Amino acid sequence: MIAPAGYGLGGAEPARVAEPADASELAEELRLCAQAREAVVPFGGGTLQGIGNAPTRYDVALSTRRLDAVRAYDPRDLTIGVEAGITVAALTRTLAEHGQFVPLDVPDAERASVGGVLAAGWLGPRRAAYGRPRDLLIGSTAALADGTLASAGGMVVKNVTGYDVGKLYVGSLGTLGVLVRANFKALPKPAAQRLASAELAEDARERTVAALGALTVEPVAALAVDGFGGPLRIVVLFEGSEATVERATRDLRSALGRSGIAETTLLDGDQAERAFARVLAGYTEVVADRTITYREPGLPASAWERARRMRALGAEVIADLRTGDVIARFARQHARTVLPRATILAGAAALRADLDAWGEPPATLPTMRALKERFDPSAILAPGRFVGGI
Amino acid sequence: MPDFTSRLLVALGPEVVRTAPEDLAVYAFDAFSEDRLPSAAIVPRDARDVGIAVRIARECGEPIVPRGAGTGLCGGAVPARGGLVISFARMNRVLELDVRNRRARVQPGLINLDLSRAVAGAGVFYAPDPSSQKISTLGGNVGTNAGGPHCLSYGTTTNHVLGLEFVDDEGEVHRCSIDDPGYDLTGVLVGSEGTLGIVTEIDVRLMKLPEEVRVCVAAFADVESASEAVSAIIGAGIVPTALEIMDALITRAVEAHYHAGYPEHAGAVLLVEIAGAHDDVAAGEALLSTIAQRHGALSWRAARDAAERDALWAARKGAAGAIGRIAPNYYIQDACVPRTRLPEVMHAIEEIAREHALPVGNVFHAGDGNLHPLLIFDRREKRQVQAVHDAGTEILRTCIAMGGTISGEHGIGYEKRETLSLVFSADDLAAMGRVRDVFDPARAFNPDKIFPSGAVCGEVRA
């Protein structure tokens with residue numbers, strides 16, 4: 001038995017930690033837990049465990065740490081199959097050797113596991129250009145509570161063979177099954193990457209934000225950030241060929257110039273990537289154990305306005321102008337009432353104790369409950385962590 | 001108690017309900033053409049009509065089959081056990097167009113191409129473009145997670161559906177979105193071939209039209225060298241917007257019909273579309289033509305203008321129809337392999353066709369590894385019909401053995417249901433059965449589709 005250090009969730013500690021060596025051991029562990037009615041919380045790197053409620057019961061932390069192999073990768077196929085416990089950084093490095101990538105856009109990629117990122121339903125800014133993790137996932141295997149291993153999809157990029165069950169595990173927070181394998185469509189890595197940032201003058205904000213929406217070469221990410229370690233600024237990421245990124249920079253500079261902004265900071269390649277990773281780190285960072293961060297989905301056209309409202313209430317904000325997300329970090333609790341549809345990404349235990357992590361459940365909740373009941377009848381998988389108390 | 005059809009008539013009226021055998025005959029077929037008359041059909045005006053009909057059908061124990069344009073190639077829209085067919089011919093409008101946020105809300109009976117036409121002026125388009133797009137409906141596209149040539153870089157239908165309205169097995173109307181907290185119901189409904197619920201509205205993602213689109217045609221000596229070129233392009237990490245191959249038989253048939261300008265005497269033709277910013281399109285063409293020539297391209301030519309580009313595409317998308325001119329009957333297969341296996345699988349298909357003494361044409365989404373061998377036969381020859389069936393199954397087995405799968409974009413439907421267990425284990429199928437149990441425990445929605453008879457634990461109860 002392994003000492004349960006670092007596996008606490010909202011004050012609850014597991015009685016033990018299981019670290020199965022492979023998928024079939026993991027499935028067998030689940031079967032035994034179901035038999036013994038032990039509540040299991042799957043654990044990857046633990047970086048996104050701030051998503052979801054604290055479990056209502058918690059006996060076993062089930063780590064996928066040892067399932068960390070690349071199982072199938074022929075770079076010429078532009079697809080890759082990995083075990084779910086592999087870190088996002090390891091996946092990224094493997095692909096980068098062959099000039100490819102899978103854009104998952106997560107904070108702390110060195111620790112975050114691929115399975116955890118999928119299960120947590122993580123959504124990053126570049127999805128506007130490259131698709132969501134659910135769109136890049138072409139095949140999956142999950143261990144179910146009855147100890148079976150169930151696969152869906154495959155290793156091909158087009159597939160309509162049976163139900164797309166893999167999509168149900170993505171964003172399920174491990175409440176239907178535990179992902180043990182994920183196959184992705186890989187993308188060719190763009191030749192150039194450039195991060196442009198500029199401070200916004202008070203009087204030119206609206207004009208600048210509007211100008212960003214009208215660029216001929218669209219950025220893969222366009223954020224308006226206020227707080228998170230700096231003044232109100234835009235952070236724009238371009239990816240593509242050298243020529244196109246150069247042209248995009250010229251267009252951006254002249255658009256900003258028209259809004260009276262003379263200073264644009266440019267970072268290229270690795271530097272751009274690191275700076276972008278620093279922005280992402282803010283999404284889940286809890287400052288001095290006294291903040292709580294929400295993600296509110298919405299339409300791109302309203303992101304700026306929604307973010308300004310949250311700013312007026314005292315939040316640090318990121319308006320994602322391409323996806324429509326608003327990230328709002330508050331240093332106090334009342335935000336739930338103003339963000340009824342937002343989900344909590346991370347938060348100090350004291351601030352979130354009485355808050356549901358998911359906000360108002362959708363009207364389809366009864367169907368979701370029925371799915372849970374059918375996949376995990378003894379409710380041993382992450383009980384209470386999900387939407388509507390699932 | 002009044003019978004099924006009279007209850008439908010009383011509830012919805014003759015404007016919506018069809019019961020005469022001559023009216024029902026059109027709902028007995030799809031492009032797979034297994035025929036059986038339903039007891040009734042409805043042409044609903046809205047989701048409410050659908051809900052009412054579903055409730056009545058359920059109370060009468062009648063199965064329910066949704067239908068778009070009936071262009072499906074696997075029997076997905078055929079009422080395998082009779083019952084109620086719901087045709088969406090009347091629910092064909094764009095309900096909402098939000099160009100700024102690049103989304104539209106549409107009804108399931110809207111024809112795929114009509115959506116792109118309706119939004120083109122606003123600088124956006126709907127990406128999935130099955131070859132049937134001139135007639136197939138978005139509801140049907142959702143059912144089969146339809147693909148098309150441009151899915152290579154843009155993804156299939158599932159990547160472009162943001163949310164759905166659907167009627168459940170009790171006739172209740174629900175709405176789901178990929179932005180809802182909770183399980184991704186939208187994701188599992190897309191591609192479920194009408195077996196989980198009846199889709200009554202679709203929220204789709206629109207994309208910004210690229211700055212430039214260039215279509216190029218390369219001639220090759222044979223399909224294998226064209227396939228080698230495609231494998232090399234993907235292997236070099238280049239993903240153009242489309243990479244399509246037609247073999248000699250298809251190219252000749254297409255040219256005879258469309259006169260689009262394909263090299264008629266080529267052993268195979270590679271159709272390449274590159275889209276994006278001006279600089280990238282020019283650079284992309286230079287790079288792609290170099291790779292193609294290194295792999296045996298005999299010629300390379302770019303379409304001069306939009307009219308020529310459209311003509312090339314129209315001919316490519318009309319390929320199956322053009323074959324109809326030269327063949328008494330043909331059977332089109334749909335399968336996928338990893339893209340490195342393309343040359344090998346094309347060789348294997350040729351061998352299989354030769355062994356069964358069947359002429360074969362190949363027109364396929366090469367960049368995706370998505371094959372469409374067309375086996376040509378004469379329906380009146382019993383032996384040939386059997387040969388087509390055997391060859392088709394052998395091709396599927398070959399693709400599975402190469403790490404591929406049995407449908408890339410057409411669906412499983414009625415045709416391939418027994419083949420599904422070659423791809424998935426009993427445990428895999430059981431997980432799918434659990435999903436079915438939740439949405440449709442009585443197996444009222446499109447029974448006898450997708451799943452092998454008796455193979456799924458839940459299915460046995462049906």
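Tutor: Let us start with helix α4 of chain B, residues 112-120, in which B:Asn112, B:Leu115 and B:Val119 are buried. A residue is called buried if 20 or more other C-beta atoms lie within 10 Å of its own, exposed if 12 or fewer do, and partly exposed in between, with the C-beta atoms placed from the backbone. These three residues cover an arc of only 65° around the axis, and therefore lie on the same side of α4(B); the arc is that of the directions from the helix axis to the C-beta atoms. B:Arg117 and B:Ala120, on the other side of α4(B), are exposed. The cover over the buried residues of α4(B) includes the strands β5 (94-98), β6 (103-106) and β7 (124-125) and the helix α5 (138-144) of chain B. Helices (H or I, at least four residues) and strands (E, at least two) are DSSP runs, numbered from the N terminus.

A word on the source is needed here. This is a predicted model, in which local features need pLDDT of at least 70 and side-chain atom pairs count only at pLDDT 80 or more, while totals for chains, interfaces and linings use all residues. Residues are numbered from 1 along each chain as its sequence is written, and chains are lettered from A and ligands numbered from 1 in the order in which they are written.

B:Val345 counts as buried because it has 24 C-beta neighbours inside 10 Å. Leaving aside neighbours within four places in sequence, B:Val345 is in contact with B:Val337, B:Leu371, B:Thr398, B:Cys399 and B:Met402; contact requires that the C-beta atoms of two residues, placed from the backbone, lie within 7 Å. The C-alpha atoms of B:Val345 and B:Gly369 are separated by 9.7 Å, although the two residues are 24 residues apart along the chain.

Finally, consider how chain B meets chain A. Here 66 residues of chain B are in contact with 61 residues of chain A. Among the elements that each supply at least two residues of this side of chain B are β9 (173-177), α8 (223-235) and α10 (278-294). The largest share, nine residues, comes from α16(B). The residues of this side of chain B divide into 26 nonpolar, 25 polar and 15 charged, where Ala, Val, Leu, Ile, Met, Phe, Trp, Tyr, Cys and Pro count as nonpolar, Asp, Glu, Lys and Arg as charged, and the others, Gly among them, as polar.
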